[in-house]
Amino acid sequence: DVFQDISAHLTKRLPTREEVWYKEFLSFLFNVQDMIELGAKVSRVFPYPEILMTYSKKGGTIGGLLKALENLQKSDIQHEEKESIEKYKKEVEKIRTKLFDDILESVYCPSPISGVTTLLEFEEMVRFKLKLKTNEMMKFSEVQESIFPGDQLWLYHKRPLMRGYAHVVIITENMKYIHVSSPKLKLKMRSRALICEDSQDKLTS
């Protein structure tokens, strides 16, 4: 788990003053109720592991954590504390970069068209309005019976008043699939992106 790596050894360098982690850091990650409940049970000596694991369980992202750290640096804290936060931030950014690189390395395009092998090439094909009918495209319902866990599918979306775009999903067990989801296509591999698991029913609707 990524948050286990982030919350274990690396957090030892973060400020342990209660004024910093409780009054400031928690307020950037949680609502008031969660902040009060968590603040009452975490270790005063080494609070960050439990803080970050709780943040992860509530759907927190690495991007959200980095934003909270930036806000913490802007708070009225000591210079040495700001330096320790900056060092921790850089380590988290390295982990995020490696995570996204690993995701990109595992994604490929099984297209029968040799000229379309990456997501970038697919986006260029759409941008220059090359004819998609030259590529064999089928409805998900037509291929659903022939796919297996581990298979990767490219889904093409074209909606009114929107540019067409491709979405890569990986089929898993129990009629589900995983994919990278984000508010906008260009953010798909940035801090706001989340790896999600959904039911295959959504692919047929």
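This is a predicted model: local features need pLDDT of at least 70, side-chain atom pairs count only at pLDDT 80 or more; totals for chains, interfaces and linings use all residues.

Me: What share of the 205 residues in the protein is buried?
Reply: Take the under 20% cut-off for buried and apply it to the 205 residues of the protein. The buried share comes out at 38%.

Me: How much of the accessible surface belongs to carbon and sulfur atoms?
Reply: Accessible areas come from the Shrake-Rupley method with a 1.4 Å probe, and for residues only the protein chains shown count as cover. The protein's surface comes to about 13100 Å². The part belonging to carbon and sulfur atoms is 53%.

Me: Why does the pair of Phe30 and Tyr55 count as edge-to-face?
Reply: Rings of Phe, Tyr and Trp (its six-membered ring) pair if their centres lie within 6.5 Å; planes under 30 degrees apart are stacked, over 60 edge-to-face, and the rest tilted. The structure holds three aromatic pairs. In the pair of Phe30 and Tyr55, the centres are 6.1 Å apart, and the pair is edge-to-face because the planes sit at 85°.

Me: How many residues apart are Phe30 and Tyr55?
Reply: Phe30 is in the loop between α2 (18-29) and α3 (32-41), whereas Tyr55 is in helix α4 (residues 48-57). Both Phe30 and Tyr55 are buried. This pair links distant parts of the chain, with a separation of 25 residues.

Me: Which residues of α4 are buried?
Reply: Go along helix α4, residues 48-57, with the under 20% cut-off in mind. The buried ones are Tyr48, Ile51, Leu52, Thr54, Tyr55 and Ser56.

Me: Is Lys57 buried or exposed?
Reply: Lys57 also lies in helix α4. Its C-alpha is 9.7 Å from that of Phe3, although Lys57 and Phe3 are 54 residues apart in sequence. Because its relative accessibility is 74%, Lys57 counts as exposed.

Me: At what angle do α2 and α3 pack?
Reply: Axes are lines fitted to C-alpha atoms, for helices over the stretch in contact, and angles run from 0 to 180 degrees between N-to-C directions. The axes of α2 and α3 are 10 Å apart. The angle is about 140°.

Me: Which residues of α3 do those of α2 meet?
Reply: Contact means heavy atoms within 4.5 Å. From α2, the residues involved are Trp21, Tyr22, Lys23, Leu26 and Ser27. On the α3 side they meet Met35, Ile36, Leu38 and Gly39.

Me: Which residues does Ser84 touch, leaving out those up to four places away in sequence?
Reply: Ser84 sits in helix α6 (residues 79-105). Its relative accessible area is 13%, so Ser84 is buried. The residues touched by Ser84 are Arg13, Leu14 and Pro15.

Me: Where is Glu173, and how far is its C-alpha from that of Pro149?
Reply: Glu173 belongs to the loop between β2 (165-172) and β3 (176-181). With 56% relative accessibility, Glu173 counts as exposed. Glu173 and Pro149 are 24 residues apart along the chain, and their C-alpha atoms are separated by 5.6 Å.

Me: What separates the C-alpha atoms of Val168 and Ile178?
Reply: Val168 is in strand β2. A relative accessible area of 16% makes Val168 buried. Val168 and Ile178 are 10 residues apart along the chain, and the distance between their C-alpha atoms is 8.9 Å.

Technical notes
Residues are numbered from 1 along each chain as its sequence is written. Side-chain values use heavy atoms; hydrogens and water are left out. Helices (H or I, at least four residues) and strands (E, at least two) are DSSP runs, numbered from the N terminus. Buried means under 20% relative accessible area, exposed over 50%, partly exposed in between (1.4 Å probe, protein chains only).
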